[in-house]
Amino acid sequence: VYKTKIADSEIIKKKLAGKIINKFQHDPNEKADWADLCNTWQVHANKEVEKLFYVYFEKHILEWFKFFNFPGIRYEVDMWINVHTYDMYQEMHEHIGQNIILCGNYNLQLDNKDRALKFIKRNTYLDNVQTLLPVESKNKTDLNAVEGDLLLFAPTQAHFVPRASEKHDGYRITISFNVRSSH
């Protein structure tokens, strides 16, 4: 897992957070088909959000490819927006799919009571049920990601988003993406 701070994160937040919150408030029940076990909200990214990838995220993707000696490949990006209130969460999952070679999560807005994406070292039955039961596992990997951080990870990396640590009136907003080889 790779973590980096994105330049201009405050400018990005000022430009996008209000628009995203308005969309969430207008249609609060949207979520991806695959998220049937979650209490979450997701929509496909619009062109304005997709521009972030090429302006701010792509250079980090290329660094990842270079570090792991990926050959020069062509790729496509699928992006979506997540919004959570204090009581919303996502169950443990991976992003394994056809031709997916890298995943990312950008913390656009996090309240200090929100908890960021957490990663799992999956080895045991306990790991598989830990988001359903109030059990602490020593296999959790917390990168202490904060607002403005971009996380990159392999599609096989299990992860989840817990509820906020306590009730608050804010919104956790993230932008997620899958990088897919386009041959």
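Trainee: Let's start with E76, then: which residues does E76 touch, if I ignore those up to four places away in sequence?

Mentor: Keeping in mind that this is a predicted model, E76 touches N178, V179, R180 and S182 once residues up to four places away are set aside. For one of them, N178, the C-alpha atom is separated from that of E76 by 8.3 Å, although the two residues are 102 apart along the chain.

Trainee: What about V77, buried or exposed?

Mentor: V77 also has its place in strand β3, but V77 counts as buried because its relative accessibility is 18%, and the cut-off for buried is under 20%. Beyond its neighbours within four places in sequence, V77 is in contact with F53, Y54, F177 and N178.

Trainee: Stepping back a bit, how many helices and strands does the chain have?

Mentor: The protein chain has 3 helices and 10 strands, and read from the N terminus the elements run β-α-β-α-β-β-β-β-α-β-β-β-β. Among contacts with a separation of 6 or more, 84% are between residues 24 or more positions apart.

Trainee: What share of the residues is buried?

Mentor: Of the 183 residues, 49% count as buried. The chain exposes about 10,100 Å², and carbon and sulfur atoms supply 51% of that area.

Trainee: Let's turn to helix α2. How far does α2 reach?

Mentor: Helix α2 takes in residues 47-67, 21 residues in total, and reaches 29 Å from its first C-alpha to its last, which is close to the 30 Å expected at 1.5 Å a residue.

Trainee: Where is the kink in α2 centred?

Mentor: The kink is centred on F57 and amounts to about 60 degrees.

Trainee: What happens at the two ends of α2?

Mentor: At the start, a side-chain oxygen of N46 comes within 3.1 Å of the backbone nitrogen of E48, and just after the helix, N69 takes a positive phi of about 55 degrees.

Trainee: Which residues of α2 are buried, and what covers them?

Mentor: The buried residues in α2 are V49, L52, F53, Y56, F57, H60, I61, W64 and F65. Their cover includes the strands β1 (2-5), β3, β5 (100-109), β8 (149-153) and β10 (172-181), together with helix α1 (9-26).

Trainee: How many residues are in the largest nonpolar core?

Mentor: That core has 35 residues, and those with the most contacts inside it are F53, F57, M79, I173, F177 and V179. At least two residues of this core come from each of α1, β2 (41-44), α2, β3, β5, β8 and β10, with α2 giving the largest share, 8 residues. In soluble globular proteins, nonpolar side chains tend to be buried together.

Trainee: What does M79 touch, then?

Mentor: Not counting residues up to four places away, M79 touches H44, A45, V49, E50, F53, F57, I175, S176 and F177. There is also a second, separate core of 10 residues, which includes L117, F119, L151 and V161.

Trainee: Change of topic: where is Q109, and why does Q109 count as buried?

Mentor: Q109 has its place in strand β5, and Q109 counts as buried because its relative accessibility is 13%, with the limit for that class set at under 20%. A polar atom of the Q109 side chain lies 2.9 Å from the backbone oxygen of Y171. Apart from neighbours within four places, the contacts of Q109 are K13, A17, I21, E147, Y171, R172 and I173.

Note on methods. Residues numbered from 1 in each chain as written. Predicted model: local features only at pLDDT ≥ 70, side-chain atom pairs only at ≥ 80, totals over all residues. Heavy atoms only, no water. Contact = heavy atoms within 4.5 Å. Helix = DSSP H or I, 4+ residues; strand = E, 2+ residues; numbered from the N terminus. Expected span 1.5 Å × (residues − 1). Bend = angle between axes of the 7 residues up to and from the residue. Buried < 20%, exposed > 50% of the residue type's maximum accessible area, 1.4 Å probe, protein only. Polar contact = N/O pair within 3.5 Å; in protein donor to acceptor, adjacent residues only side chain to side chain. Areas by Shrake-Rupley, 256 points an atom, 1.4 Å probe, with all protein chains shown as cover. Core = buried A, V, L, I, M, F, W, Y, C linked by side-chain atoms within 4.5 Å.
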